[in-house]
Amino acid sequence: MKTQIIIIDFGSQLTKLIARRIREIGVFCEVVPFNNIEKNFKSKIVNSRGIILSGGPSSVYSKNAPLLGDKIFKLGIPILGICYGLQLICNFFKGKVEKSDKREFGKANINILKKSAIIDQIYEPKKMYKVWMSHSDIITKIPKDFETVALSENSILAIIENKKKKIFGLQFHPEVNQTVKGSKIISNFVLRISKAKKDWNMNSFKTDMIYQIKKIVGKKKVICGLSGGVDSTVTAILINKAIGKQLQCIFVDTGLMRKNEPQEIESLFKKNFNISFVRLNASTFFIKKLKGISDPEKKRKIIGKLFIELFEQYSKKLRNVFFLAQGTLYPDVIESIAASGGKKVIIKSHHNVGGLPKKMNLNLLEPLRELFKDEVRLLGKELGIPKDFISRHPFPGPGLGIRILGEITRTRIKILKEADSIFINSLKEANLYDKIWQAFCVLLPVKTVGVMGDNRTYEQICILRAVTSKDGMTADSFHFDHKFISECANKIVNNVKGINRVCYDCTSKPPGTIEYE
């Protein structure tokens, strides 16, 4: 498939959101790390219709700042610079970028001074619009042949353009939902300025990925680690479409699943899919290894290591197994590891990314690595997977191990399973489950005094968490009717021994994450 838009990544946490917005338009794009430009120049960049320069944590005037040579700017292809990308453009064309005393983070207002192709039919002159900023450097001198299109309330350059060269720069981030009509700005650049064609969809992704899997795997065998969630299920069905009986699915019962979940997963899988399925009961093994561990990063790494050990042990029983397939998604990747060629802060290690051991005997096969959760659900529909699977809320690979804050014990696992079951069933009974992106309970390592039947109790706190989201990158807490929360809290306290207080978490992402650990 021909790449129409190239995104050059300078290490921003938001780079993949740019790609996501472009895919939503129906245009195929690829992300290229800034230090791989030469490698991809002739094969991809030269033939692209437009180039986007991402944001990043560096300053263009720093000693080791990632910079661009003149090759990109000599192509005559439309270019859009976002945040650091804008500053790169200014730096290259002899403008000036400096550290500012007036930093802008979060929502800000910009004033539109003149018309421009990048905001045509979106923002009007002499009007003000809300955008999302994240920068501490500013442009103090605009390059020759460039014009100022918009300023922030602090009189900081927000949009610039070079009409002749079709080069545009935005100091704000149009890829995030908080920027008013930001996706339309990206669409203007992709469709109207770059003249890209809308020829990408989930069906074409499926066809292309099945071809790629066949090519990579050949006649070798693949083990797929199943968690029972959407990601691993879609991964398994996609690979099965490509290589059939060469796939062996393994479901590891860690003892950290939700109430009755192992039985439900096995039943649903065997009933719906003609795929080799093995269930390994390893609950004693996992809980023993996690004894006394409270640090969340250690938990994730231990769980990731144990999964690999079990998969590798099982692979020895089979012949010709070379690959381990996982349902890794892009949000997992960007929260876990630094982008190739760029600085990126690690938020947390996901068990199937940053939690993997350095040495493995199996090669990883991760066909969903470039997708977001809602795209995975669309792919699931393309593959004909039943709604019972693809409508399930996300469930982390480490399971309840990262929803039990502090030490993991069998008693605490049982308490959380019961509370979580009550919460999820209450959502389904109230027809709220499908309106929520993800809902779950968290058990805190804190006890509080309560009173039940005139007796003093000293038990744990349960947190209810429910969020709405499009892609898991940002999220808002779900607004329940207070009566629902009150009734749910009463059910949990009255039926789960070990909990005497229930709270609801109203934190959005950011600043919080969806999961607690």
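**Exercise 1.** What span should the twelve residues of helix H5 (residues 182-193) have at 1.5 Å a residue, and how far apart are its end C-alpha atoms?

*Solution.* The model considered here is predicted. The expected span of a helix is 1.5 Å times one less than its number of residues. For the twelve residues of H5, this rule gives 16 Å. The end C-alpha atoms of H5 are 16 Å apart, which agrees with the expectation.

**Exercise 2.** Determine which residues of H5 are buried and what they pack against.

*Solution.* Buried means under 20% relative accessible area. In H5, this applies to Gly182, Ile185, Ile186, Asn188, Phe189, Val190 and Ile193. An α-helix has 3.6 residues a turn, so residues three or four places apart point the same way. Just after H5, Lys195 adopts a positive phi of about 60°.

**Exercise 3.** Compare the radius of gyration of the protein chain with that of a compact globule.

*Solution.* For 517 residues, a compact globule would have a radius of gyration near 24 Å. The protein chain has 25 Å, which agrees. Its C-alpha trace spans about 75 × 65 × 40 Å along the principal axes.

**Exercise 4.** How many helices and strands does the protein chain contain, and what percentage of its residues is buried?

*Solution.* The protein chain contains 15 helices and 18 strands. Of its 517 residues, 58% are buried. Among contacts with a separation of 6 or more, 74% involve residues 24 or more positions apart.

Notes:
Residues numbered from 1 in each chain as written. Predicted model: local features only at pLDDT ≥ 70, side-chain atom pairs only at ≥ 80, totals over all residues. Heavy atoms only, no water. Helix = DSSP H or I, 4+ residues; strand = E, 2+ residues; numbered from the N terminus. Buried < 20%, exposed > 50% of the residue type's maximum accessible area, 1.4 Å probe, protein only. Contact = heavy atoms within 4.5 Å. Rg over C-alpha atoms; globule rule 2.2 N^0.38 Å.
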